[in-house]
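This briefing is intended for a reader with the sequence and the structure at hand. It is arranged by topic.

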Amino acid sequence: MNIWKYLIKRILLMALVLFGVACIVFFIAHVIPADPVGAILGGNAPPEKIDKLRAQLGYDRPLIEQFFSFLKGAVVGDFGVSIKTNNPVMTDIGIYFPATIELALVAIIISIVLGVFLGILSAVHRNKMVDNFSRVFSILGVSMPVFWIGLILILIFYYKLDWLPGGGRINFFLDPPQRITGMYLFDSLFTGNWEVFRDALLHILLPAFVLGYNSTASIARITRSSMLEVLGQEYIRTAKAKGLKKRLVIYRHALRNALIPTITIIGLVFGGLLEGAVLTETVFSWPGLGRYITAGLLSLDYPAVMGGTIYIAFIYSLANLAVDFLYALLDPRMRT
Amino acid sequence: MDKRGNLLDVRQLRVIFHTYRGLIKALNGVDLWMDKQERLGIVGETGCGKSVTAQAMMRLIEEPGKITEGEVWFENRDLLKLSEDEMTKIRGREISMIFQEPKSSLNPVFKSGFQIKETLLNAKKATPANAEEEVEKILGYVGMDASRVKNMYPHELSGGMAQRVMIAMALATQPKLLIADEPTSALDVTIQAQILELLSDLTQKMGNAVMMITHDMGIVAEFCDRVVVMYAGNAVEVAPTKELFQNPIHPYTQGLLRAVPRVGRPGELKAIPGTVPDLVDPPEGCRFHPRCDYAFDQCKNVLPPLLEISAHHYVSCYLCQKDGCPSAKKAGEEPW
């Protein structure tokens, strides 16, 4: 069927996008007027030592040659060795990424459920109390900075009320679950370790909400406006004239059409989640990829920065591929 | 209370719309009635309240619109007094509707077969087991290749095909009344004739009453038993079709008929002077009086009642009450 052709087209486009990202990341990293070799050896290193290390790291080769070997490595997932940790970058990503994706997934789930629900409620009860509440909630969400909400929520729920933990992925005195995916929630669920699951869930609630608040707001706003538009369409009048109950009209006939723009936004904010994770991870001392990349940037660890960035771009593209797939599933007009 | 029609009796229906410009008095006490299996035409210019009347009868008027007064007797129930639940059982089962824009009146994300099936199941005219079969049967009735069309999405249908699907959907539940709101206005002329013929055949076979809303006098002449002429939210003249064309009495009806081009009589086209009144601030009394050649003082103060001036011929005009309806002849013109 046509849907396969459509998907293959999308996958090819995704490869093209990733190539573009690789170019940009590589050249920006080499344009920055800073010398990683100098950073490693310090200012007083003898020139011959500098040349030796430079040759060892491959920075003495022509730029274009470096670029091609970087690309070749990137295709098979080999981003070289981190200067700082001395591990292959991919190994480091393997360690740090599950924490980030776990946070992002929980955040996106919270924001989809909350955002879509608020959006529908808002549209159906337009200009009533619920609508006003949800609009204020949304405006706050897009206008308050992430780190500030994070600190305020920590102040309230950890410091004052002591309902939720203040940071980290898991209680200090608990052992992390046996590693399967690296995501504590899933791993503890698979191994049936309920105590850890409960603790990990409590730890992730605040950071996931903080991270997802902004996207919740965007999703709620888009859902509201597209729902309002759809509710004014003629086919909704037809559905009502057919004698369908209000619930069916809203959740079957209107929602499926209204979700199409919402899905786009979900794909876009997912990128924002991975990116916003840098701040959230810092505030909540969450050991994720965002913090890994920030640390790499501060110590001029180019392989780590480039590898981490491309990896995140890859995940982002995957998310948007999923969005394109959902599009085709929801809207028959997209399949042609 | 004596009923004027044994299927439908609408009395003094008033609808208003709250807008930023002010209160739009869209329906100003509309009266109309229908017998079983009758075909009633409702004609008038755009904005005269034809569609609003139909939607008010179905209780599909949405915010900011509101039904402020009136009764809609359908058989022995006043539809305006039913609960929303009871009303959903009337819609689609007892009264169905088809619309002007067939393609946008079908939900773009569902196959046409599903949309018919949904209607059947909702009205309990089919069981999940035989629904598929029923859908094919009904699509056959409206002259389409059922096995192909039922799997097509609305965007794959032509306007004429989409209107056939709409008709199939509306008549599938064997309603007592079909409201056709300008069903052919958006279609090509050749298709218009086909659709009209199809509607005529099917409703004759199935014995549905049809309320045909249109601004096309040709459709009225061809299709309707009786006609209601509406002007600015009022029914101004009600008569059997033949009688109305031969002996139009209300000055507006006369103007309307003179404004229809006819073969063999070039140069006789005459427009009604002036424009449709602004319904935020409609004229007092008879809403037609500013455009009427015969208006006198009484017309400017009180709305004339709709009175039966000869058998089955009702007019809302003071001229008839004054000197026995000579307005057409007084002007010395042949009306049609």
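The model is predicted. Chain A comprises 13 helices and 0 strands, whereas chain B has 13 helices and 12 strands.

**Chain A**

- The order of elements in chain A, read from the N terminus, is α-α-α-α-α-α-α-α-α-α-α-α-α.
- Along the principal axes, the C-alpha trace of chain A extends over about 85 × 55 × 40 Å.
- Chain A has 336 residues, of which 38% count as buried.
- Among contacts in chain A with a separation of 6 or more, 71% join residues 24 or more positions apart.

**Chain B**

- The C-alpha atoms of chain B occupy a box of roughly 65 × 50 × 40 Å along the principal axes.
- The radius of gyration of chain B is 21 Å; this agrees with a compact globule, because one with 336 residues would have a value near 20 Å.
- Of the 336 residues in chain B, 45% are buried.
- For contacts in chain B with a separation of 6 or more, the share between residues 24 or more positions apart is 64%.

**Contact between the chains**

- The contact draws 19 residues from chain A and 21 residues from chain B.
- On the side of chain B that touches chain A, at least two residues each come from helix H2 (84–90), helix H3 (102–105) and helix H4 (112–122) of chain B.
- That side of chain B consists, by class, of 9 nonpolar, 8 polar and 4 charged residues.

How values were computed: Residues numbered from 1 in each chain as written. Chains lettered and ligands numbered in written order. Predicted model: local features only at pLDDT ≥ 70, side-chain atom pairs only at ≥ 80, totals over all residues. Contact = placed C-beta atoms within 7 Å. Helix = DSSP H or I, 4+ residues; strand = E, 2+ residues; numbered from the N terminus. Nonpolar A, V, L, I, M, F, W, Y, C, P; charged D, E, K, R; others polar. Buried ≥ 20, exposed ≤ 12 C-beta atoms within 10 Å, placed from the backbone. Rg over C-alpha atoms; globule rule 2.2 N^0.38 Å.
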